[in-house]
Structures are given as C-alpha cells and as structure tokens.
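Here are my notes on this one, in the order I'd go through them. Have the viewer open while you read.

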Amino acid sequence: MNLEPLFQQTFHSASTVHASSPGRVNLIGEHTDYNEGLVLPTPIPQRCEMLFSPRADDRVEIHSVQMQTRAGYALGAEIADHTWLDYVQAITQELQRAGHNLRGFNAVVSSDVPLGSGLSSSASFLVTIAKGLRKLFDLEITDVQIAQLAQAAENGLVGARVGLMDQMACSLGKAGEALLIDFRTLEYRSIKLPETMELVILHSGLTHSLAGHEAGTRNYKTRRLECERACELLGVASLRDLELADLERVAALPAPFAGRARHVITENARVLETVAALEAGDLQRVGELFYTSHVSMSADYDVSEPEIDLIVQIAGRTAGIYGARLTGGGFGGSVVMIADKSQGRVAGEAVMLEYAQTTGQSPRLLSPAV
Ligand code: ADP
Ligand code: MG
C-alpha cells in the first residue's frame, strides 16, 4: 500500500522517512519467554508500514488506517487513554526515558498484520515507530535495544505484561529464517528453515485481548501469576531452572500449577528438538512436535479454545499437513501448520473450509500469502 497520498492529504506535506517491520508467527515455544525459556519465531509476509516527517513543535500527530482516525499528544505529556494511541505514547515515553532526544513528528501507519490475532500487530507497530524515529532523529539505538524499549512500552503505559519474544522477532527477524531466542541469556541464533517446507497460518476468526482486563482466570496475566506461584511452590527462581527430570516433582503440585509448569518445561525441550528436526529437514518430526505442543497448551496450560482445537484436529486428517498448533498467547488467534512446499495453499484452504462450515466463524488464511 502506498501511504504517501494519505500522508500528504493528512499533513499537507511530504513524508521524509519510511519504516516497516513484519508481524511474526511463533513456530514453537509458547508462554516460555517470560519463564526465561526458549522460543522460535519467524516473520510473516504481513507488515506494519509507516511514514514520518518532523514537526516544528513537540506534538505527535498520527493517523492510523486501521483505526480510521487521527490522534495526537504533546511529547513528555504521555498519559494512557486506553486507545490505540497508547502504543505511540508508550514508545515515545520509553525512548525519552532511555535518554533519546525526540522532537515532534507526523506519522501515518497502516498494517496488514491482523490486529489482536496473535501475530504481533502490537510489537510490529511499536518496533516500526521506534525504527522510524531512529531514522528521523538519528538515534543511536540497536535493533535489540528497540525490541527492549518496545517491550518496556507494552509493559509500561500500555499495561500489557508481555514478554520480549514478539519485539525481538519483529525487530530482528529475516524471511526464511527462524530466530531461536534464549530468554535466560538473551542469546539468539538464526535457524534456516528447510526449502522443502511451507508455513500455513490460519486465523481462527477469534480475537483476544492481552491487556488482562477481561474477567476470570482465562487470560495471559493469570497464566503469568500461576507460573510465579509454581516457582514459589517448587522453590526455584524461574521455571527454566527445571528439566524433564523434574517432572515427577512437578506432578505433585496442586492444580493448576502442575500443568502450567509441565507445559513450560516440556515446551522448552520441544523447542530444541524442533530446531534439530528443522536442521535435519525432518518435517515429519517437526509436525509431531507441533501436535504435542498443541496438546500441552490446550490441556496443561489451558490457553486454547474449542474452535482452535478443532482447527488442529482437522489439520491432523488433512493430506499434506505434517503438524499444527495454536500460536501466540492463545484465547483465540491463529494456528500455524507445516506443509510440503507448494502444498500449503490447497491444504490450508481445505482446513479453512471445513472449519468455517462447522463453526460459522470467519477464518482467514494468512500464509501462504496470495
Ligand atoms: P496482537 O499483537 O496479537 O495483534 P495485541 O492486543 O497485542 O494483539 O495488539 C493489538 C493492538 O495494537 C490493537 O488493538 C491496537 O491498539 C494496536 N495496533 C496494532 N496495529 C495498529 C495499527 N495499524 N493502528 C493502530 N493501532 C494498532
Ligand atoms: Mg501483541
């Protein structure tokens, strides 16, 4: 999408800086980032695109195509108003706190990463703003620092207690590669994806909210607290301190803590096994690990939904698909599947059709891109 006409129509002058970053899909390693564990995200074709120009005053004025509105505030006077503008306020606040010198700017944003679907529209938005401002104001800041500030922004003014995976993936990810990140050390390594593999991403049509405002215990915030409690009960600082050999001890915990801890421990092991299988080009094995991961997320971590379980089930009996699992925080969102190269579209459409007919939901095939 060419945003320049919209930029000029909105601000009556040309833009000077373009920035962009992709959404991401996590192949495996879910709810492990905030437990100092392992994750394996890869960029998706959909991206957040933004145009910027500097202003003479200290105002931030931004138009969002998706929100169909323009909004603004003065730098240094960021206050949460519980709208999408909080993401912009949050990242300018964190940049300033980190000592970066900002001035006012105009911006337009458009993203084809579906919002609220577990594909990180929020992180790609934050990272794109930060990368745009880096160019606009010559900020000395690395891609890793941008990821960290984006996380601080989401944790801070936005008020969503997210881990660092999304921001790292959106800031550092490269097409055709997955990023193995260890959140204990923040070390990361690129894993080349097999040429024979195609990713299929199906959005279930169910959206979520990570901010934890929804009532009850089926939300992201509660899962984090449950992990903290599990650590207390087990006498460890982090679930990363535990290994498969500790599972017997973990099973003795009361519900729901046993399941929560078991998911995290087994999921870390599955990430390493998936990396080995990807490096060996063994799609069959990757697929098995996807299915096992999904069962763990659904039964032990309780972040799936009946609709999402159904997609995974349908995938299991669809020709050409090796494995499927819920990706992202859960409570709706998308399913990621592995297929043979060039089989992805046909197989993905077959799963989508059966799911739509059974549930009446409006799913969307996000990858392979049309
Ligand atoms: P996810 O990251 O899984 O897409 P989140 O709930 O974390 O879901 O973030 C979605 C929120 O991010 C949106 O509700 C909106 O506030 C903000 N956002 C993302 N992209 C845009 C955009 N292009 N314009 C305005 N706000 C956006
Ligand atoms: Mg998000």
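1. Start with Arg24: its relative accessibility is 3%, so it counts as buried (that label means under 20% relative accessible area, exposed means over 50%, and partly exposed is in between, with a 1.4 Å probe and protein chains only). Arg24 sits in strand β1, residues 17–26; helices (H or I, at least four residues) and strands (E, at least two) are DSSP runs numbered from the N terminus.

2. What does the Arg24 side chain make polar contacts with? One partner is the side chain of Ser120, at 3.5 Å, and another is the side chain of Asp166, at 2.7 Å. A polar contact here is an N or O pair within 3.5 Å; within protein, one atom must be able to donate a hydrogen and the other to accept it, and residues adjacent in sequence count only if both atoms are side-chain atoms. Leaving out residues up to four places away in sequence, Arg24 also touches others, including Pro41, Ile44, Met165, Cys170 and Gly328 (contact being heavy atoms within 4.5 Å).

3. A word on provenance. This is a predicted model, where local features need pLDDT of at least 70 and side-chain atom pairs count only at pLDDT 80 or more, while totals for chains, interfaces and linings use all residues. Residues are numbered from 1 along each chain as its sequence is written, chains are lettered from A and ligands numbered from 1 in the order written, and side-chain values use heavy atoms, with hydrogens and water left out.

4. Thr274, in helix α8 (residues 257–279), counts as buried because its relative accessibility is 0%. Its contacts beyond four places in sequence are Ile28, Leu40, Val286 and Leu289.

5. Most residues other than glycine have a negative phi, and most peptide bonds are trans. Ala255 and Pro256 are joined by a cis peptide bond, omega about 0°, with Pro256 in the loop between α7 (247–251) and α8. Ser367 and Pro368 are also joined by a cis bond, omega about 0°, and Pro368 lies in the segment after β12 (364–367).

6. Two non-glycine residues to check for positive phi: His12, near 55°, and Asp302, near 50°. His12 is in the loop between α1 (4–11) and β1 and is exposed at 71% relative accessible area. Asp302, in the loop between α9 (283–300) and α10 (306–316), is partly exposed at 27%.

7. Zooming out, the chain has eleven helices and twelve strands, and buried residues make up 58% of its 370 residues.
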